[in-house]
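User: Can you walk me through this one? I'd like to start with the strands and then jump around.

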Amino acid sequence: MAPPYVLVGHSYGGMNVRMFANLYRDEVAGLVLDDPSHEEHFLRVARIYPEVRAIAAAERAQGDRDAQACIDAARAGFVPGTRVFAQCVSGGSNPRYLDAISAVYARLQTQPSFLEARLSEEQAFDGDSAAQLRLSRRGYGDLPMIVLTRALSDLPPGLPVDEQGLLVYFLHEDLAGLSRRGVHRLVPESSHDIHFDQPQAVIGAILEVVAAARNPAGARAVD
């Protein structure tokens, strides 16, 4: 399909579609960011909680070791029913997916190339990928854009919103500010996976951005 495109990205995918928009602005007609990651998130959290750096480094090192063990096992050939197979390949159907999709995902997890690509992506997430996004950062002019943010906190009623929840909110405000037609929208009763918890919020945002992209003179903002 020929450009221009309306790009939709969730979590790390939000960084990926923004990177595309930064590099190929003329090929992008609109953006919908579904609780997107932000290139400054880890750095800001580390400033609030300095101990996070050491904890994150230890968790990353263990995660890398576990991922490499799965890659090595996949190269040797997984044997269903073994401990390493159970650790590396998520089995059973996910109620959020069709059984056919769950089966494809399970099969992918037995392929070394998939596991290697996933490890590379995880290692680059708050390192090279974040740095590339910082260097390429640009404003998007009048690009129709909606940023969706999950419910600020899943804490029990009466407890204050945690600092990380507020940080996510303000970082998403920053993203919406990249466009003069940018809108930032909180989605109640949702987790990081807004598209699962409140799918109509995501579908509605996509339809709004598509409509705005087709009528650029129709409104100053998508809202």
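Predicted model: local features only at pLDDT ≥ 70, side-chain atom pairs only at ≥ 80, totals over all residues.

User: Which residue in S3 is the bridge partner of leucine 31?

Analyst: Methionine 145 is the bridge partner of leucine 31.

User: And in what order do the strands form the sheet?

Analyst: The order is S1-S2-S3-S4. These four strands make an open sheet, with parallel pairing. S1 and S4 stand at the edges. Each has a single partner strand, so one side of each has no neighbour in the sheet. From one strand to the next, the twist averages 15 degrees.

User: Which strands does H1 touch?

Analyst: H1 packs on the sheet and touches S1 and S2. Its direction makes about 150 degrees with that of S1.

User: OK, helices next. At what angle do H2 and H3 cross?

Analyst: Roughly 130 degrees. H2 covers residues 41-48 and H3 covers residues 52-76. Their axes come within 8 Å.

User: New topic. How many disulfides does a search of the whole structure find?

Analyst: One. Cysteine 70 and cysteine 88 form it, with their sulfur atoms 2.0 Å apart.

User: Remind me what a disulfide is?

Analyst: It is a covalent bond between the sulfur atoms of two cysteines.

User: Is the link of cysteine 70 and cysteine 88 left-handed or right-handed?

Analyst: Left-handed, with -85 degrees about the S-S bond. Cysteine 70 lies in helix H3 and cysteine 88 in helix H4 (residues 83-88), so the pair ties together parts that are 18 residues apart in sequence.

User: Is cysteine 70 buried or exposed? What about cysteine 88, buried or exposed?

Analyst: Cysteine 70 counts as buried, at 12% relative accessibility. Cysteine 88 is buried too, with a relative accessible area of 6%.

User: Now the backbone. Where is the cis peptide bond you flagged?

Analyst: A cis peptide bond joins proline 3 and proline 4, with omega about 10 degrees. Proline 4 is in the segment before strand S1 (5-10).

User: What is phi for serine 11?

Analyst: It is near 55 degrees, a positive value in a residue other than glycine. Serine 11 lies in the loop between S1 and helix H1 (12-23).

User: Why does serine 11 count as buried?

Analyst: Because its relative accessible area is 18%, and buried means under 20%.

User: And what about phi of glutamate 189?

Analyst: Glutamate 189 has a positive phi of about 55 degrees, although it is not a glycine. It is found in the loop between strand S4 (182-186) and helix H9 (194-197).

User: Is glutamate 189 buried or exposed?

Analyst: Glutamate 189 counts as exposed, at 68% relative accessibility.

User: Last one. Where does alanine 2 lie?

Analyst: Alanine 2 lies in the segment before S1. At 58% relative accessibility, alanine 2 counts as exposed.

User: How many residues separate alanine 2 and aspartate 35 in sequence, and what is the distance in space?

Analyst: They are 33 residues apart in sequence. In space they are 27 Å apart, C-alpha to C-alpha.

Key. Residues numbered from 1 in each chain as written. Heavy atoms only, no water. Axes fitted to C-alpha atoms, helices over the stretch in contact; angles between N-to-C directions. Helix = DSSP H or I, 4+ residues; strand = E, 2+ residues; numbered from the N terminus. Buried < 20%, exposed > 50% of the residue type's maximum accessible area, 1.4 Å probe, protein only. Disulfide = S-S within 2.5 Å. Pairing = 2+ DSSP bridges. Contact = heavy atoms within 4.5 Å.
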